[in-house]
Amino acid sequence: MLSYRHAFHAGNHADVLKHTVVVQLLRYLGLKDKAYWYIDTHAGAGVYSLKEGYATKTAEFETGIAKLWEQKDLPAALAEYVEEVGALNPDGQLRYYPGSPYLAWRLMRDQDRMRLFELHSTEIDVLRHNFRDAGRRAMLFGADGFDGIKALLPPPPRRALVLVDPSFEDKRDYTRTLTCVEESLKRFATGTYAVWYPQVTRQESQRFPEQLKQLQPTNWLHLTLTVSHPPSDGFGLYGSGMFILNPPYTLAATMKETLPYLVDKLGQDETAQFKIESRAD
Ligand code: SAM
């Protein structure tokens with residue numbers, strides 16, 4: 001029984017990091033005419049209301065997108081991300097927040113395709129509703145993304161971004177993510193894989209970055225945005241990381257311009273910081 005609902009967290013600091021990177025990855029894929037696939041193993045509902053329902057209960061978006069929304073001096077990558085959020089909020093009031101499927105849908109061209117997995121029965125219904133007019137360019141599966149992705153790789157155009165974005169409330173998500181990426185690389189070694197993970201005090205989260213680095217000796221980029229010190233009660237998210245395998249060569253430099261700004265605007269105490277690590281081929 002799945003209880004996680006992304007709406008509680010929509011637009012928080014972790015979504016800002018993840019979605020800024022996803023926008024950059026998709027824009028890069030879109031630089032060449034050749035088609036690509038976007039595969040989201042854990043898609044969520046696609047779009048979230050920030051003014052009613054779950055998001056209002058926690059108001060986590062106030063730790064994230066709300067702090068960037070009206071800034072006039074955003075670095076380029078953040079301006080591009082905020083522009084995509086703005087497309088859902090054309091009157092300038094921040095009412096809706098785009099999930100990764102919606103961001104991808106906005107950036108895809110006619111020749112590109114998306115494949116979305118979402119296991120939660122309510123979330124997949126909302127996702128289907130949100131993509132009801134998408135036609136055959138988008139295929140949605142109410143299924144386990146860790147397993148389902150196997151049948152899709154390698155994708156026909158041999159170009160793809162795979163986002164692996166579980167909730168990690170179930171600690172098996174850590175090992176399942178590692179196995180999923182490891183097996184996916186065997187089927188499709190040249191794909192770009194982006195894994196999001198939470199910075200929380202649990203042991204699995206602490207050792208996860210080192211395990212991700214073992215998946216491939218080179219050609220990866222590891223980004224973290226820590227917004228505060230770990231909570232004293234041992235619970236709660238104090239930052240997050242994005243681990244990208246086969247990243248565009250431009251991404252590290254882009255994030256070097258972007259992450260200091262995020263620390264400045266989203267940092268919650270003096271321990272707020274970012275890290276960028278990479279291994280090039
Ligand atoms: N990728 C989304 C975004 O950025 O907007 C957010 C996804 S949210 C962090 C994780 C989602 O995975 C939840 O909606 C949850 O219901 C779903 N989920 C959990 N286990 C899953 C599984 N094994 N396969 C597919 N979806 C799963």
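A: In this predicted model, helix 1 spans residues 13-29 and helix 5 spans residues 100-107. Their axes come within 10 Å and cross at roughly 25°. An angle under 35 degrees counts as roughly parallel, so helix 1 is roughly parallel to helix 5. The crossing of these two helices is right-handed.

Which residues make the contact? Helix 1 supplies H19, V22, V23, L26 and R27. Helix 5 answers with S100, L103, A104 and L107. Sorted by class, six residues of this contact are nonpolar, two are polar and one is charged.

Now take S100 again, from the helix 5 side of that contact. S100 is also among the closest residues to the ligand, together with H42, G44, G99 and H120. In total, 21 residues surround the ligand. That shell has seven nonpolar, eight polar and six charged residues.

Back to helix 1 and another partner. The axes of helix 1 and helix 10 come within 12 Å and cross at roughly 160°. Angles over 145 degrees count as roughly antiparallel, so helix 1 is roughly antiparallel to helix 10. This crossing, too, is right-handed.

Here helix 1 uses H13, V16, L17, T20 and Q24. From helix 10 come L251, T254, T258, L262 and L266. The classes are five nonpolar, five polar and no charged residues.

What else does helix 10 lie across? Helix 10, residues 251-266, lies across strand 8 (220-226), strand 9 (239-245) and strand 10. Helix 10 runs at about 170° to strand 10.

Eight strands form an open sheet, in the order 5-4-1-6-7-9-8-10. The pairing is mixed. Strand 5 (138-141) and strand 10 (273-279) stand at the edges. Each has a single partner strand, so one side of each is left without a neighbour in the sheet. From one strand to the next, the twist averages 10°.

What holds neighbouring strands together? Strands of a sheet pair through backbone hydrogen bonds, either parallel or antiparallel. Strand 1 (residues 37-40) and strand 6 (residues 160-164) give an example: they run parallel, joined by four bridges.

How values were computed. Residues are numbered from 1 along each chain as its sequence is written. This is a predicted model: local features need pLDDT of at least 70, side-chain atom pairs count only at pLDDT 80 or more; totals for chains, interfaces and linings use all residues. Axes are lines fitted to C-alpha atoms, for helices over the stretch in contact, and angles run from 0 to 180 degrees between N-to-C directions. Angles under 35 degrees count as roughly parallel, over 145 as roughly antiparallel, 65 to 115 as roughly perpendicular and the rest as oblique. A crossing is left-handed if the near helix is turned anticlockwise from the far one by less than a right angle, and right-handed if clockwise. Two residues are in contact if their C-beta atoms, placed from the backbone, lie within 7 Å. Ala, Val, Leu, Ile, Met, Phe, Trp, Tyr, Cys and Pro count as nonpolar, Asp, Glu, Lys and Arg as charged, and the others, Gly among them, as polar. Two strands pair if DSSP finds at least two bridges between them. A residue is near a molecule or strand if its C-beta atom, placed from the backbone, lies within 6 Å of it.
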